[in-house]
There are 2 protein chains.
Amino acid sequence: MSAPTIEDIRAAARRLAGVARRTPLLESDALNDAIGARLFVKAECLQRFGAFKIRGAYNRIAAYAPAERANGVLAFSSGNHAIATAAAAKMFAIPAVIVMPADAPAAKRERTMALGAEVILYDRVNEDREAIGGAIAAARGLALVKPFDDPFVIAGQGTAGLEAAEDLQALGARPDIAFLCASGGGLAAGMGIALKDRFPACALVAVEPHGHDDLVRSLASGVRERNPPGIRSICDALLVDQVGALPFAAFQSLGFGALAVSDAEAKAAMAAAFRELKIVVEPGGAVALAAALRADPALRGKTILVVASGGNVDRDVFAEALAG
Amino acid sequence: MSAPTIEDIRAAARRLAGVARRTPLLESDALNDAIGARLFVKAECLQRFGAFKIRGAYNRIAAYAPAERANGVLAFSSGNHAIATAAAAKMFAIPAVIVMPADAPAAKRERTMALGAEVILYDRVNEDREAIGGAIAAARGLALVKPFDDPFVIAGQGTAGLEAAEDLQALGARPDIAFLCASGGGLAAGMGIALKDRFPACALVAVEPHGHDDLVRSLASGVRERNPPGIRSICDALLVDQVGALPFAAFQSLGFGALAVSDAEAKAAMAAAFRELKIVVEPGGAVALAAALRADPALRGKTILVVASGGNVDRDVFAEALAG
């Protein structure tokens, strides 16, 4: 298994036609003025089911042979991948079993169940979701829909990068740098592959939350580092133990950098997205925007692309971010 | 003066290319399921400066001869038209004077001033904004940018309808009914003209807030009725005294219906837009969505278009709507 190619991403885009939405590339005069750069936001929070995840989940299920997926699918996820897998399974009219951490946001758990999936909760700190999920999948003959470490999943997420690259080119814009939310790394790897194909000079930076900065350490050491267990962050979508093997290989070959932002920066980015872009972004979906809003003097006058990867946030968390 | 034609709207679209954003048509699986219909939302809250108003304001200023607009422009507005006129004037590098009610939302007043406009406040209940604005415009030789009763303004707003019609057609969808936010009526009239051109069988319904239902009464009586002064509503964007003469003529010739929704319904629509569409909609911008969410049994199985006309809302008002 290796990371997907641009051709794999194009094939995913053909499978996703009429399934995933082409999300807009948003721009705000006020944010551009504030940071002294031209900032484009790929608004994947406006994607069907509220996050980019439907791209990868649907592409993965579609690429299974009908016999492979006949008994249904299994996914483990803190939320958005759960919703996406449940929704994609429903489109194929097959069962979905989702293994979710017990502390996942209520909105995400309820949405997954409303889509007809069977939800199995586990303790994120003390239990091993891969062991739990693996046992169920083996017993019931379910096809696995991994959240990131699968070439079809990465290719699906990469279609967001393909669209952004096309839209930037249509606007006559050429990104100097792209900030991409990362945890398992499927979205950042897929988008990075698509962006580098169109814009070879574009710098790529994966953004993670403080405390879950395994990627910063992994890119420095050259091997995949782990996050310590039990860390809590407002960025519930970005709390996997370790970047995936395939995404990490892609990050290395594409020359990715990485940086981590604080919960306070993520919340400030959510408030800026509310105020200036009129979009609802969840904490983990706001870290790439948070990185751009640091307004690093090195970025003045540059063209910046960020992804706002999801908008599935409980109203109390959102209201708290707005209150600043 | 008469209402614009579809050709006037097409001319406006050409002027607005590269100025206004082509906003997306959003759809939510969950909302479709909830109302048993196919619902499309034209997300004008994602327009530049947070509302559809830049379309009309820019088209109006662009259509003035350079000599006519050389001294600058004047507008009176409760907020979104103020921001749009200030922004459009800035693009033409001419001064803007905005006459605003003293109780307009702080966010809108601050944004207008940040765009370089001179803001003059008046008492919405006891003073006559047209008299105040007219005196200043005459004294300084300013060109008027009316909020709705101008064919160039209506044509500009109508470009939102042109885009929605094109996008619906590209999706193979044919709207049975369109709910359009209305107060002065420029947006509803312009969008109605564009939609009827493409979809002659589409029913058109203007939606206003309870207490400001002059249009419901005007369409019944056949003459323009007034709203009583001093009414307060959460829908700050929809509080003009009376529908404009040109929009009203268009409503009559296009066979518009009208209905009014409560503040509670507008807030519930804001919460639904947060939860299911991940967009920020202000109270007045949410009334058309509120009408669709009533889930009138007569609309089951139908294709519905609504406009979410703006997203410039103070965070406290938004948080209150989410808290339900």
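Me: What makes Arg48(B) and Asp29(A) a salt bridge?
Reply: A salt bridge needs a side-chain nitrogen of Lys or Arg within 4 Å of a carboxyl oxygen of Asp or Glu. The closest N and O atoms of Arg48(B) and Asp29(A) are 2.5 Å apart. That distance meets the cut-off, so the pair counts. This is a predicted model, in which local features need pLDDT of at least 70, side-chain atom pairs count only at pLDDT 80 or more, and totals for chains, interfaces and linings use all residues. Residues are numbered from 1 along each chain as its sequence is written, chains are lettered from A and ligands numbered from 1 in the order in which they are written, and side-chain values use heavy atoms, leaving out hydrogens and water.

Me: Why does the pair of Arg48(B) and Asp29(A) join two chains?
Reply: Asp29(A) lies in helix 2 of chain A, and Arg48(B) sits in the loop between strand 2 (38–43) and helix 3 (53–63) of chain B, so the pair joins two chains. Helices (H or I, at least four residues) and strands (E, at least two) are DSSP runs, numbered from the N terminus.

Me: How many salt bridges are there between chain A and chain B?
Reply: Four. One of them pairs Glu276(A) with Arg111(B), at 2.8 Å from N to O. Over all chains, the search finds 34 salt bridges.

Me: How many residues of chain A are in contact with chain B?
Reply: 31 residues of chain A touch 31 residues of chain B. Contact here means heavy atoms within 4.5 Å.

Me: What area do chain A and chain B bury between them?
Reply: About 2,300 Å², with 55% of it on carbon and sulfur atoms. Buried area is the accessible area (1.4 Å probe) that two parts lose on being put together, summed over both. In chain A, the residues that lose the most area to chain B are Phe274(A), Lys278(A) and Arg315(A). Together they make up 27% of what that side buries.

Me: Which helices supply the side of chain A that touches chain B?
Reply: Helix 2 (29–35), helix 12 (263–277) and helix 14 (315–323) of chain A each give at least two residues. Helix 14 has the largest share, five residues.

Me: What makes this relation a two-fold axis?
Reply: A rotation of 180° with 0.0 Å of shift along its axis superposes chain A on chain B, with RMSD 0.0 Å. That is the relation of a two-fold axis. Of the residues of chain A, Ile279(A) comes closest to the rotation axis, at 2.3 Å (C-alpha).

Me: How do you know that the same surface serves both copies?
Reply: 100% of the contact residues of chain A recur in chain B.

Me: Why are strand 5 and strand 6 of chain A at the edges?
Reply: Four strands of chain A form an open sheet in the order 5-4-3-6, with parallel pairing. Strand 5 (118–122) and strand 6 (143–144) each have a single partner strand, so one side of each is left without a neighbour in the sheet.

Me: What makes strand 3 and strand 6 of chain A a pair?
Reply: Two strands pair if DSSP finds at least two bridges between them. Strand 3 (residues 73–76) and strand 6 of chain A have two bridges, so they pair. Val73(A) stands opposite Ala143(A) in strand 6.

Me: Which edge strands pair on one side only in the open sheet of six strands?
Reply: That sheet of chain A has the order 1-2-10-7-8-9, with mixed pairing. Its edge strands are strand 1 (25–26) and strand 9 (257–261). Inside the order, five bridges join strand 7 (residues 177–181) to strand 8 (residues 203–209), which run parallel.

Notes. Least-squares fit on C-alpha atoms with pLDDT ≥ 70 in both.
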